[in-house]
Amino acid sequence: MVKLISCYITGFGKLENYAYTFQEGLNTVFEENGWGKSTFCAFLKAMFYGLEYKARSKSLTERKHYRPWNGGVYGGNLILEIEEKRYRIERTFGSKDKDDTFRLMDVTTETESDDYSENIGEEIFEVDREGFEKSVFLPQDKLVTSMTDSLNAKIGDLAAAKDDMSNFDAAIARIEDAKRLYSSRGAVNPGKLQMIAQEMSVCREAVETLPVKMEAYTLKRSLVKEKNKRLQALRLERTLIGEEIAEQSKREQELGTLKAKRQQLAQQQEKLSALDDFFAGGIPEEQEILKAREREEALLNIGGRLETVEASLPNATEEGRLNELFRDYEISDEQFSFWEETADRIRELRLQSEHNQMPEEEKEKLKDLRYYFSGKVPTEEELNDIGEKVKNLHQMDGEIDARETRYHAVTAEKEAREKHNTDTQKYTGGMWLFFGLTVICAVGAYLFKFLFSDELSDLFAMVFAIGAAISLAVMLNQLINMVRAKRGITHDEEEELLLAEKELEESRAAREAIKNECKEFLSGYLVTPTDSMQQMVTEIQSKAVLYRQLLEEEDAFAESNSKCLEELSEKQITLNTALAHYATVYNIDLYQDGSETELLLDLRRDFRSYREYREYKKQETELLAQKKELTEALDAFLSRFPEAETEELRLNAIAHRLRSLRQLQEEVDRLSEELKDFKELEGIPEDVVSVRDLQQKQHEIERESEELNEQLVRDNEELNRMSDEIFTCEDAKEKLDSLAEEEKRIKEKVAVLEDTARYLQMAKDKFLGRYMGPLRKGLRQYLSLICGDEESQMLAKNFSLDMDLSVHYNYQGSTKEAEYLSAGYRDMVAFCSRLALIDALYQKEKPVVILDDPFTDLDEDKIKGALQLLRDVSISRQMIYFTCHESRLP
């Protein structure tokens with residue numbers, strides 16, 4: 001029997017560091033929605049069966065769902081009792097199943113146990129995870145159960161036959177796959193019988209069309225023969241027409257030549273007449289045309305050069321500016337060189353003056369030091385003197401420390417003696433105490449010795465005598481110490497204390513005087529405050545040395561710059577006087593801008609432009625004079641020809657027309673001579689068939705022949721195809737017989753497979769049928785307990801279970817599935833079927849049952865009945881019941 005003792009949830013979903021102790025019988029966990037009741041249930045299941053891992057699952061698995069919200073340790077432990085022995089299951093879970101850990105501990109010995117493996121759930125409940133979820137684990141909204149292979153094996157108490165039961169579905173699936181391979185009628189993957197039937201259908205169709213195809217083949221062969229005869233006749237006719245075309249072509253060629261020459265002669269004579277009009281002023285000689293062409297080419301050359309020169313000339317504004325600069329002020333190259341050398345020297349002097357300055361960093365330092373020593377610059381003697389005083393301060397600190405140590409030692413010795421004198425008073429009090437004890441003990445001893453005569457008197461007398469002796473010894477010791485303590489402080493010790501105090505005060509006064517002198521010296525400077533005067537004095541010394549060095553550098557730079565500026569002023573006056581005119585034109589203030597070098601660069605560039613401008617101006621004048629002379633001569637020559645043509649054709653057109661005139665005259669003479677040879681062709685008639693008509697007829701014959709050739713190619717291909725089809729039909733006739741044999745053989749195999757599947761299902765149904773009676777009886781029994789009234793109990797008798805544990809309801813002779821019931825009835829029937837299943841599974845042992853609020857859809861009366869049933873069942877077994885509402889509390 002399995003019984004839960006306690007659990008501890010380290011981290012599972014939102015539950016963190018949560019402990020729970022289970023009791024016998026019914027355990028009710030009453031918490032509000034969202035507390036984590038379903039998470040608690042899932043934790044208990046995970047302790048027995050672990051968490052499933054699905055590598056490529058996109059849905060939310062339990063492993064992802066219940067990962068701790070705070071990211072801590074994922075897992076916990078569960079203590080349970082199996083057959084009066086307690087174990088602790090410890091599990092942690094990772095992102096993957098290989099990251100999970102499992103350990104089973106013996107609670108009594110606190111040692112690891114190997115009684116059960118990490119599959120402890122299957123080993124103690126004898127069902128797998130799915131069977132556990134469909135039996136003793138009742139999650140919310142999933143009360144409906146169904147039969148699994150592991151439940152079948154457990155119900156029949158057939159643990160040894162579990163593998164056979166698990167393999168039943170696999171065997172049936174393999175049989176169905178084999179049947180599907182043979183008898184499937186699907187369009188995508190048809191079975192062998194379907195494919196054979198299709199092949200046989202195709203073969204029958206082919207055999208049936210064989211006579212028709214033979215007749216069509218014979219008819220097609222006859223048509224091909226007729227077309228071949230017609231093709232031979234067309235080829236003969238085409239040959240005859242070709243010979244006739246050759247003869248007629250020769251005649252037409254001669255007539256065409258005569259006609260063409262007559263037309264050509266008329267055209268040439270017409271062109272020759274037009275040229276005679278053009279040269280009415282006289283036909284020029286070749287030498288005249290060559291001379292005119294040379295003049296035209298010279299004009300073109302001059303025009304191009306003139307365009308180049310004019311493009312190089314500056315515009316009117318630039319021309320005026322250049323004339324203003326240089327027309328009345330000629331400059332030689334020597335002057336330019338002198339000016340440029342002077343400008344270079346001025347630039348060098350300026351650079352020298354700029355670079356011959358104290359660096360900005362040193363200037364800043366000098367500025368800061370002037371401010372630092374604005375009050376006074378210390379001399380080396382003052383610095384050395386103050387340095388010695390600071391050193392003396394350190395030495396005096398050591399001396400004061402030594403004198404303080406001596407003073408404290410003398411003071412401590414004095415205080416010790418005074419304390420010692422105070423202690424002597426203690427000795428006096430103690431001495432009198434022990435004196436009294438001595439007297440009392442002596443009197444007691446005397447009394448017991450001499451006044452009493454019994455046996456105990458001697459004993460008491462001895463005790464008091466010993467006490468008197470001890471008190472007397474202690475009293476004498478106190479007396480000796482008191483005498484020693486009465487020694488006082490001597491006169492020499494008092495003088496030593498006064499001397500030590502005086503020396504200490506003198507040292508402190510001397511040190512304070514030196515310290516005030518040092519502070520007074522340091523207060524005259526902006527020294528950085530520190531705890532060390534030596535450091536502040538060192539700072540003043542280093543800055544004083546640097547200040548003197550920077551002052552010397554400043555004087556050196558000032559002396560060097562004086563000579564440089566003197567030469568710079570002289571050079572600037574000389575150069576600015578020479579460039580004053582040009583600076584005015586450029587609108588530059590040389591004294592203010594100091595841009596002599598830029599002005600000289602612009603001036604040299606403009607001077608080169610001015611020289612080029614004067615050269616181009618000279619070339620322009622010469623070219624214009626040459627152009628005028630050539631234009632007048634050429635115009636005189638062209639005036640002999642029509643004005644309308646002069647501007648358009650120019651010399652090339654005149655020369656071309658002259659050549660055309662001579663060529664046309666020669667062509668007219670030649671054609672006139674050739675026409676004399678065609679007088680015999682003038683009597684030929686013109687109504688004979690032309691070569692074009694004969695060629696048209698020949699073309700039609702060739703086109704018909706080509707069409708016949710194409711038809712014959714297609715017909716021959718069709719004959720070959722028809723021949724192949726006839727052979728295919730004959731092969732199909734032979735193949736049909738072999739396919740019929742194959743079909744018969746496969747049908748026999750399918751029959752064997754169907755019989756095998758039927759017998760296996762019959763065996764399984766017979767095997768499981770023995771256990772359905774107790775399940776149905778348990779279902780009806782639990783339903784009658786929930787349904788209190790007689791009518792409801794009658795209705796309960798109409799509920800039944802099939803072999804898959806599906807609930808059915810018999811209503812007026814017809815069977816309805818559970819889906820026809822309301823949600824409340826479905827949950828009630830599913831709950832009772834679960835209890836009946838648990839009774840059938842575990843007839844001897846009583847495992848724990850876990851319920852996650854299963855009565856949410858039941859009405860008030862059914863809830864009362866269900867809760868009463870829950871209390872009754874929990875008497876004999878442990879049950880963990882979770883709910884969130886008071887109405888569903890037991």
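Colleague: Let's start with Asp853: is it buried or exposed, and what is its relative accessible area?

Modeller: Asp853 is buried, at a relative accessible area of 2%; buried here means under 20%, exposed means over 50%, and partly exposed is what lies in between, with a 1.4 Å probe and protein chains only. Some ground rules before going on: this is a predicted model, where local features need pLDDT of at least 70 and side-chain atom pairs count only at pLDDT 80 or more, while totals for chains, interfaces and linings use all residues. Residues are numbered from 1 along each chain as its sequence is written, and side-chain values use heavy atoms, with hydrogens and water left out.

Back to your residue. Asp853 sits in the loop between β12 (849–852) and α25 (860–873); helices (H or I, at least four residues) and strands (E, at least two) are DSSP runs, numbered from the N terminus. Its backbone is worth a look too, as Asp853 has a positive phi of about 45° without being a glycine. Most residues other than glycine have a negative phi. Asn17 also has a positive phi, near 50°, and is not a glycine either. The setting of Asn17 is strand β2 (residues 15–21), and at 46% relative accessibility Asn17 counts as partly exposed.

Now zoom out. The protein chain has 25 helices and 13 strands, and buried residues make up 35% of its 890 residues. Taking contacts (heavy atoms within 4.5 Å) between residues at least 6 apart in sequence, 73% join residues at least 24 apart.

As for the packing, the largest nonpolar core holds 70 residues, and Phe12, Phe40 and Phe48 have the most contacts inside it. A core in this sense is a set of buried Ala, Val, Leu, Ile, Met, Phe, Trp, Tyr and Cys residues joined through side-chain atoms within 4.5 Å. A second, separate core has 23 residues, including Met358, Tyr372, Phe373 and Val527. If you click on Phe48 and skip its neighbours within four places in sequence, you'll find Leu4, Leu78, Ile120 and Phe132 among its contacts.

Tyr547 is another one to click on. It belongs to helix α16 (residues 533–578) and counts as buried at 10% relative accessibility. Residues up to four places away aside, Tyr547 touches Leu366, Leu369, Arg370, Phe373 and Val377. Tyr547 and Val377 are 170 residues apart in sequence, yet their C-alpha atoms are 9.2 Å apart in space.

Then the charges. The structure holds 20 salt bridges, each a side-chain nitrogen of Lys or Arg within 4 Å of a carboxyl oxygen of Asp or Glu. One of them joins Glu52 and Arg129, at 4.0 Å from N to O. Glu52 lies in the loop between α1 (37–49) and α2 (62–65) and Arg129 in helix α4 (residues 129–133), so this bridge ties together parts 77 residues apart in sequence. Glu52 is partly exposed at 45%, whereas Arg129 is buried at 15%. Besides Glu52, Arg129 is in contact with Tyr49, Gly50 and Leu51, leaving aside neighbours within four places. Lys220 bridges to Asp715, with the closest N and O atoms 3.5 Å apart. That pair links distant parts of the chain, 495 residues apart: Lys220 in helix α8 (residues 210–278) and Asp715 in helix α21 (residues 691–769). Asp715 is buried, at 8%. Arg88 and Glu90 make a bridge of 2.8 Å, N to O, and both residues are buried. There's a network as well, linking Lys3, Glu24, Glu81 and Arg86.

Two helices to finish. An α-helix has 3.6 residues a turn, so residues three or four places apart point the same way. Helix α13 (residues 380–450) is where you'll find Val439, a partly exposed residue at 39%.
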